[in-house]
Amino acid sequence: MSFDRDKLRWNGWGRSAESMELSQARSEAVLTALSQRFGRPLTRGPMAVPIEAVSLPDTRLTPEARAALVAVLGEASVRVDAKSRAQHAAGKSFPDLLRIRGGKLERAPDAVLYPENVTAVAAALRVAQAEGLAVVPFGGGTSVVGGVEPLLPEGKRAVVALDTTRLDKLLALDTVSRTATFEAGIDGPSLESILSAHGYTLGHFPQSFEHSTLGGWIAARSSGQQSDGYGGIETMLVSARLLTPRGELKTIGVPRHAAGPDLKEAILGSEGTLGVIVEATLRIREKPAVQDIRGMMFRDFAAGVSAIRALMDAELPMTMMRLSDAQETDLSLLLKRDPARSFDPTATFLNATRALGYGDRRSVMLFGIEGNDRRTVSAQMLKAQAIGMRQGGLPLGKGPGNSWKKERFKTPYLRDFLLDEGVAIDTMETAFCWRDLARGHEHVVEALRSATLTHAGAGLSMGHVSHSYPDGACVYFIVLYPLAQEDRVAQWQAIKSAGMDAIVACGGTVSHHHGVGIDHAAWLAAEKGELGMASIRALKATLDPDGMMNPGKLV
């Protein structure tokens, strides 16, 4: 088993031994700057309690149900100890973190199941159905939308988390078709390591890459940081195998078909509500020999958006184009600034460019190209830079790209550091068509800023463009505000609702790559419509007639 949950921070993000790695001087500088931007001193938040101090409800799993599960899985694979239950009690959404940091878990799975293979998964589902148990499929547990909340629906006796991480094997590698078939519990680093040993890559690198699983990527319709070149998980997925309470649903492994509706689309984005994804065949590529990622600064966000659209029109093989607005650019520079250095070359450079019009509205873009021939990649990068410069872009060289590659999976650790200091940070993302993007970005940022002022007394809101398409792009929003001393979940809900209402009002989707879970469920009907929601319910009723699979999510 490659996935070691004991090495992960159970009540925060990532590995227990890792953090943002800010020096004391940098930490103090960041907190001082945030305090100044909020216009008030910061009050330290409550510290996260150790797992040994967690308060859990008694398990509702009956001795008979436990015995039946042990009979098909084995004693060691059915766990009711407090540590296992706490580790599977929540994901990584903001209210999840508030709940688990406080150590009072009113909701927790009554048991955690660790099936060793697909046969064991099927057996566990049969027992769960017979014993009246709800089942929450649980991969890496990185959902940031309440996607693994262990809710107990009416009529069920207990809820169990089904941990898929022991299903982590490569089943087939087809070098002729360039596909690979994996068990769905494999985590990102293990999957890429196996492919890399054969000279291939999947190219799917979401920010949760180090701790999330293939099944989770499919269930949430995730998108990696280099999706401009590789596509989202739906582009990579050839076929999938889903074990449902009604039996197995397996899609055909061909590149395309016209044999009615594509049932693969029913599995993508299903969020564990239809069954357990146990296997997937994926399109793979040769691992590129050259990766070139650079930075470019624009006078404002609009100029950067124009550059992205021009790059899309030029049909250059861009792997990523990430454009931060002025507020996010400022925050990024703040996090990188080291007050211990007597000379700050970045600050000196930025001050010098003010005379050229790159002032407080400046926005920075990271853009990258990959390939196997260095000359070809260099020529393509020169064309990309020329297009950006025609929109007023100022090339920043490879430094920003190298920094991003080094820290690309570190950013989520910032949330734990800030929560300790009494600062809330949350994200939400959407996709707009190009026509609506500028208005949508402005409207959502302002809605979040206004909401933080109302509910927290101050706050910062910002966003960046990523995951671009010919007809539009993803906009990813970030909000920071002083954490309330009481009823922090209500404070978060009010601010979250303001942002989501603004997204929907501007024609955006409720989620581009995070999924729905319970956090976005209130806005789903507005997007799908009455008939669309009825269709989703009908599909669930067919595959999960007893409503035992991940209850309370999607519908």
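Helix H18 (residues 488-505) lies across strand S16 and strand S18 (472-482), and runs at about 15° to S16. Axes here are lines fitted to C-alpha atoms, for helices over the stretch in contact, and angles run from 0 to 180 degrees between N-to-C directions. Helices (H or I, at least four residues) and strands (E, at least two) are DSSP runs, numbered from the N terminus. This is a predicted model, in which local features need pLDDT of at least 70 and side-chain atom pairs count only at pLDDT 80 or more, while totals for chains, interfaces and linings use all residues. Residues are numbered from 1 along each chain as its sequence is written, and side-chain values use heavy atoms, with hydrogens and water left out.

## The seven-stranded sheet

S16 and S18 belong to an open sheet of seven strands with antiparallel pairing, in the order S15-S12-S14-S13-S17-S18-S16. Its edge strands, each pairing on one side only, are S15 (394-397) and S16 (423-433). From one strand to the next the twist averages 20°. Two strands count as paired if DSSP finds at least two bridges between them.

Strand S12 (residues 290-298) pairs with strand S14 (residues 363-371) in the antiparallel sense, over nine bridges. Within this pair, Phe298 has Ser363 of S14 as its bridge partner, and Gly295 has Leu366 of S14. S12 also pairs with S15 in the antiparallel sense, over three bridges. There the bridge partner of Gly295 is Gly397. Eight of the nine residues of S12 are buried, so the strand is mostly covered; buried means under 20% relative accessible area, exposed over 50%, and partly exposed in between (1.4 Å probe, protein chains only).

## Helix H14

Helix H14 (residues 374-390) has 17 residues and reaches 24 Å from its first C-alpha to its last. That is close to the 24 Å expected at 1.5 Å a residue, where the expected span is 1.5 Å times one less than the number of residues.

The buried residues of H14 are Val377, Gln380, Met381, Ala384, Gln385, Ile387 and Gly388. Seen down the axis of H14, they fall within an arc of 160°, so they line one face of the helix; the arc is that of the directions from the helix axis to the C-beta atoms. An α-helix has 3.6 residues a turn, so residues three or four places apart point the same way. On the other side of H14, Arg375, Leu382, Lys383 and Arg390 are exposed.

The buried residues of H14 pack against S12, helix H11 (301-314), strand S13 (318-324), S14 and S15. Contact means heavy atoms within 4.5 Å. H14 is followed by Gly392, which has a positive phi near 90°.

## Nonpolar cores

A nonpolar core is a set of buried Ala, Val, Leu, Ile, Met, Phe, Trp, Tyr and Cys residues joined through side-chain atoms within 4.5 Å. The largest has 64 residues, of which Leu437, Val465 and Phe477 touch the most other members. Helix H17 (residues 434-456) gives the most to this core, with eight residues. Another core, of 30 residues, lies apart from it and includes Leu191, Tyr230, Leu237 and Leu274.

Strand S5 (residues 170-174) and strand S6 (residues 179-183) run antiparallel and are joined by four bridges. Leu170 stands opposite Phe182 in S6. The hairpin of S5 and S6 has four residues between the strands, and in it Arg178 takes a positive phi near 55°.

| Residue | Relative accessible area | Class |
|---|---|---|
| Ser143 | 18% | buried |
| Glu192 | 10% | buried |
| Glu265 | 39% | partly exposed |

Ser143 lies in the loop between strand S3 (133-138) and strand S4 (158-163). Not counting residues up to four places away in sequence, Ser143 touches Gly91, Lys92, Ser93, Asp96 and Val148.

Glu192 lies in helix H6 (residues 188-197). With residues up to four places away in sequence left out, Glu192 touches Tyr200, Thr201, Leu202, Gly203, His204, Phe205 and Phe209. The C-alpha atoms of Glu192 and Thr165 are separated by 16 Å, and the two residues are 27 residues apart along the chain.

Glu265 is found in helix H10 (residues 264-267). Glu265 and Leu237 are 28 residues apart along the chain, and their C-alpha atoms are separated by 9.9 Å.
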